[in-house]
Amino acid sequence: MSRASTPSPVTFLPTSALLILVGLGGMALLLNFTLPTLWPRWLFYFLIVCAGTGLAMPFSAYLNHRFPSDPPTRSQVILRQALWVGIFAATLAWLQNGRVFNGALAIIIGLGFGGIEYVLRLRERSQWNP
């Protein structure tokens, strides 16, 4: 019986490039052509999530390919891990906007996101497949 393996990091490059283009290109347009009202502010956070996810996806794919796990990592897991990085970046930007950002809080939030991902991966490993 053949087992599926972790996808190659090269397969994530088009998606990553698209997310980076949308995130950073949209951010450039947003910062140059809008005023900081409510909807552009929410768009700013969305574009940070897109850019952060696109930038983290190749690294996540490479690490999961380089250090395989049992069961093998699927594409959805790599996308989810990259999305955690994008959400983390947007959360830090939101905290900075409220002038409450500091290094200790960033570490605590990062450990919280890492803990959530660890529990999700633990749940995936515990699923029984005959």
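User: What does "buried" mean for a residue?

Analyst: A residue is buried when its relative accessible area is under 20%, exposed when it is over 50%, and partly exposed in between, using a 1.4 Å probe and protein chains only. Glu117 has a relative accessible area of 9%, so Glu117 is buried. The model discussed here is predicted: local features need pLDDT of at least 70, side-chain atom pairs count only at pLDDT 80 or more, and totals for chains, interfaces and linings use all residues. Residues are numbered from 1 along each chain as its sequence is written, and side-chain values use heavy atoms, with hydrogens and water left out.

User: What percentage of the residues of the chain count as buried?

Analyst: The chain has 130 residues, of which 32% count as buried. Its C-alpha atoms fill a box of roughly 60 × 35 × 20 Å, taken along the principal axes.

User: How many helices and strands does the chain have?

Analyst: Helices (H or I, at least four residues) and strands (E, at least two) are DSSP runs, numbered from the N terminus. Here there are four helices and zero strands, so the order of elements from the N terminus on is α-α-α-α.

User: How are two packed helices described?

Analyst: The description uses the angle between their axes and the distance between the axes. Axes are lines fitted to C-alpha atoms, for helices over the stretch in contact, and angles run from 0 to 180 degrees between N-to-C directions. Angles under 35 degrees count as roughly parallel, over 145 as roughly antiparallel, 65 to 115 as roughly perpendicular, and the rest as oblique. In this structure, the axes of α2 and helix α3 (residues 75-97) come within 6 Å and cross at roughly 140°. Helix α2 is therefore oblique to α3.

User: At what angle do the axes of α3 and α4 cross?

Analyst: The axes of α3 and helix α4 (residues 103-126) cross at roughly 160° and come within 11 Å. Helix α3 is therefore roughly antiparallel to α4.

User: What counts as a salt bridge, and how many does a search of the whole structure find?

Analyst: A salt bridge is a side-chain nitrogen of Lys or Arg within 4 Å of a carboxyl oxygen of Asp or Glu. The search finds three. In one of them, the side chains of Glu117 and Arg80 meet at 2.9 Å, N to O. This pair links distant parts of the chain, with Glu117 in helix α4 and Arg80 in helix α3, 37 residues apart. Arg80 counts as partly exposed because its relative accessibility is 22%.

User: Which residues meet Glu124 in salt bridges?

Analyst: Glu124 meets Arg80 at 3.2 Å, N to O. Since Glu124 lies in helix α4 and Arg80 in helix α3, the pair ties together parts that are 44 residues apart in sequence. Glu124 also meets Arg121 at 2.8 Å, N to O. Both Glu124 and Arg121 lie in helix α4, three residues apart, about one turn of the helix. Arg121 is buried, with a relative accessible area of 13%. Salt bridges that share partners join Arg80, Glu117, Arg121 and Glu124 into one network.

User: Is Trp42 buried or exposed?

Analyst: Trp42 counts as exposed because its relative accessibility is 52%. Trp42 is found in helix α2 (residues 38-66).
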